[in-house]
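Hi,

Here is the structure I promised to pass on.

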Amino acid sequence: MNKKQKIYISGAIAHHDLEERKAAFEVAAAFCEACGFESVNPFNNGLPQPGDWREHMKADLKMLLDCDAICMMDGWEESKGCKLEHDVASTCGLTVYYESDIRTMRV
């Protein structure tokens, strides 16, 4: 039995409309799942939203390190948290995908 690879969804959250971001993360997760991944959404880290940025980053990085890959949502370059997640994923050998890559994958 082949185990699905887990992919962490990384996108800007802070300083944005929370409901819009939740919806955008759900769309990204759906694309990843349609490509055969098990998506990991940081909105499901068990902490209240909104909340302390550092506490969210600690929880999110724990989730990230349990994954095989990361999906960087469009606009990630403008987010301090996304840059950190990208650096951790790259350093730890996770496969890095970008939202445009996921959207063009064949299902």
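Helices (H or I, at least four residues) and strands (E, at least two) are DSSP runs, numbered from the N terminus.

Note that this is a predicted model: local features need pLDDT of at least 70, side-chain atom pairs count only at pLDDT 80 or more, and totals for chains, interfaces and linings use all residues. Residues are numbered from 1 along each chain as its sequence is written, and side-chain values use heavy atoms, without hydrogens and water.

Asp52 sits in the loop between E2 and H2 (53–64). Its side chain caps the N-terminal end of H2, with an oxygen 3.3 Å from the backbone nitrogen of Arg54. The Asp52 side chain also reaches the backbone nitrogen of Glu55 at 3.0 Å. Polar contacts here are N or O pairs within 3.5 Å, one able to donate a hydrogen and the other to accept it; residues adjacent in sequence count only if both atoms are side-chain atoms.

Now the sheet. It is open, with four strands in the order E2-E1-E3-E4 and parallel pairing. Strands E2 (38–40) and E4 (95–98) are at the edges; each has a single partner strand, so one side of each lacks a neighbour in the sheet. Pairing takes at least two DSSP bridges. Four bridges join E3 (residues 69–72) to E4. Ala69 is opposite Thr95 in E4.

Best wishes
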